[in-house]
Amino acid sequence: MRTYLVTGGAGFIGSNYIHYMFRKYDNEIRIINVDALTYAGNLENLKDIENRDNYTFVKADITDKEAIAKIFAENDIDRVVHFAAESHVDRSIKNPEVFVKTNVLGTAVMLNCAKAAWELEDGSFKEGKKFLHVSTDEVYGSLPDDGKSYFYETTPYSPHSPYSASKASSDMLVKAYIDTYHFPANITNCSNNYGPYQFPEKLIPLIINNALQGKKLPVYGDGMNIRDWLYVDDHAKAIDMVQEKGRLGETYNIGGHNEKRNIEIINIILDTLLEMLPENDPRRANVSKDLITYVEDRKGHDRRYAIAPDKIKKEVGWEPETMFAEGIKKTIAWFFEHEDWMKNVTSGDYQKYYADMYQNK
Ligand code: NAD
Ligand code: DAU
């Protein structure tokens, strides 16, 4: 049975990936999820799978060499899928240091421990071992608002925020391991994700949550910045396909060909909420375009991101499947069905879950 070590599996994309993998492979694989449970890590995201025999949670920080080396020593890890990171641009502008620590040093620790566990005496690596580093399109910087330029795998790196600079540094480390040691790794650079379990500091869940409560909807700058949105299950599928079919040592861009301006996203969410809320639901009265509030722009705000997913389509056979109109309805429906999740996250109660569930571990 193949064993996966997933880092950051209690976060947004990591928890969706773990769900995806168990849906796809069921008992054919084993997953060890290592997560430090920062403010962004929420074990409630994994409640429905936590009792599986082929799933283990380990609370550890990826910058803790001993803890990570111990996981490799005690388990024959076949695949690493490395999500753990500080992920929010606004937080990186306020407090860059933790981004350098987790994203750069943490990735170095993961690479070093995997290399130590997988390397043979002659410097080659054990058969079948693979490391996938999950990264972002933000490493490429910002595109002109021309609707025709795209990020390719060959686009030079030009990160602007402390977040993207730290992710670019971590990508460079992975590339250095590939070039220096022929370390068996891939890098994926993905565009903006949305879907279930996303922390409401990010645009889409923040707008859904605020609109339902009649709170202001903050639009940075002129609201005309463009992001390329991808439903999170499509990202999970792409990661799995890259590990299965991608060429080792290669980088693959993942994106949805789904560019939208921030103000368009907000208007679509408001319209979809009104379409989906029952006539007698009291929250309907809260949902209004009057809530839209233009606020000070994000410092160094990148104007446009857009991925050309040509290489992953050609080499791996992956294409985005979920149209935005469908994905946003699924996301809103999920938030309707998981009001308690949102309440626990916004009240901070989710942080008690670990103490309650894992008292003796
Ligand atoms: P997230 O913030 O929701 O989750 C991050 C997870 O990592 C959390 O569970 C957190 O507890 C854990 N973590 C943080 N620091 C840690 C540490 N030092 N040790 C162990 N665990 C730690 O992030 P996300 O949005 O799910 O993003 C996951 C990955 O995907 C990140 O590497 C991010 O750069 C990348 N990415 C995100 C997007 C997006 O749109 N969200 C797009 C492309 C790439
Ligand atoms: O492109 C991939 C990246 O997408 C990931 O690497 C990051 O981890 C992820 O957080 C995301 O970064 P963004 O900065 O693009 O996402 P965010 O949801 O923070 O913002 C999306 C856009 O919306 C951006 O242009 C800023 C704007 N925004 C955001 C918030 C939270 C607003 O106008 N108002 C807001 O309140």
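The following exercises, with worked solutions, concern the ligand surroundings and selected side-chain contacts of a predicted model.

**Exercise 1. Describe the surroundings of ligand 1, from its shell to its buried area.**

Step 1. Begin with the shell. Ligand 1 is surrounded by 28 residues, and I13, D35, S87, Y163 and K167 are the closest.

Step 2. Sort the shell by class. It comprises 14 nonpolar, eleven polar and three charged residues.

Step 3. Assign the shell to secondary structure. At least two residues each come from helix 1 (12-25), strand 5 (130-136) and helix 5 (162-181). Strand 5 provides the largest share, three residues.

Step 4. Examine the backbone contacts. A polar backbone atom of F83 is 2.8 Å from an oxygen atom of ligand 1, and a backbone N or O atom of N193 lies 2.9 Å from an oxygen atom of this ligand. For G41, the distance from a polar backbone atom to a ligand oxygen atom is 3.5 Å.

**Exercise 2. Carry out the corresponding analysis for ligand 2, with attention to side-chain contacts.**

Step 1. The shell around ligand 2 holds 23 residues, of which T136, D137, Y163, R298 and H301 are the closest.

Step 2. By class, nine of the shell residues are nonpolar, eight are polar and six are charged.

Step 3. Consider the polar side-chain atoms. Those of N192 and H301 include an atom 2.7 Å from an oxygen atom of ligand 2. In the side chain of R227, an N or O atom is 2.8 Å from an oxygen atom of the ligand.

Step 4. Of the 690 Å² that ligand 2 exposes when taken alone, the protein buries 94%.

Step 5. Two elements give two or more residues to this shell: helix 6 (203-212) and strand 8 (217-220). Strand 8 gives the most, with three residues.

**Exercise 3. Classify the aromatic pair of Y194 and W229 and locate its two members.**

Step 1. An aromatic pair is described by the distance of the ring centres and the angle of the planes.

Step 2. Apply them. The rings of Y194 and W229 are 6.5 Å apart, centre to centre, with 75° between their planes. Planes over 60 degrees apart count as edge-to-face, so the pair of Y194 and W229 is edge-to-face.

Step 3. Place the residues. Y194 belongs to strand 7 (residues 193-194), while W229 lies in the loop between strand 9 (226-228) and strand 10 (230-231); the pair therefore ties together parts 35 residues apart in sequence.

Step 4. Check accessibility. Y194 and W229 are both buried.

Step 5. The model has 22 aromatic pairs. One aromatic cluster is formed by F72, W118, F125, F131, Y177, Y181 and F183.

**Exercise 4. Identify the rings over which the charged ends of R52 and R304 sit.**

Step 1. For R52, the ring is that of F22, with the charged end 4.2 Å from the ring centre.

Step 2. For R304, the ring is that of Y150, and the corresponding distance is 5.7 Å.

**Exercise 5. Determine whether N75 is buried or exposed, and find the partners of its side chain.**

Step 1. N75 is located in the loop between helix 2 (65-74) and strand 4 (79-82).

Step 2. The relative accessible area of N75 is 17%. Buried means under 20%, so N75 is buried.

Step 3. The side chains of N75 and R30 are joined by a polar contact of 2.8 Å. The N75 side chain also reaches the backbone oxygen of I71, at 2.9 Å.

Methods. Residues numbered from 1 in each chain as written. Chains lettered and ligands numbered in written order. Predicted model: local features only at pLDDT ≥ 70, side-chain atom pairs only at ≥ 80, totals over all residues. Heavy atoms only, no water. Near = heavy atom within 4 Å. Polar contact = N/O pair within 3.5 Å; in protein donor to acceptor, adjacent residues only side chain to side chain. Areas by Shrake-Rupley, 256 points an atom, 1.4 Å probe, with all protein chains shown as cover. Helix = DSSP H or I, 4+ residues; strand = E, 2+ residues; numbered from the N terminus. Nonpolar A, V, L, I, M, F, W, Y, C, P; charged D, E, K, R; others polar. Phe/Tyr/Trp six-rings, centres within 6.5 Å; stacked < 30°, edge-to-face > 60°. Buried < 20%, exposed > 50% of the residue type's maximum accessible area, 1.4 Å probe, protein only. Lys NZ or Arg CZ within 6 Å of the ring centre and 35° of its normal.
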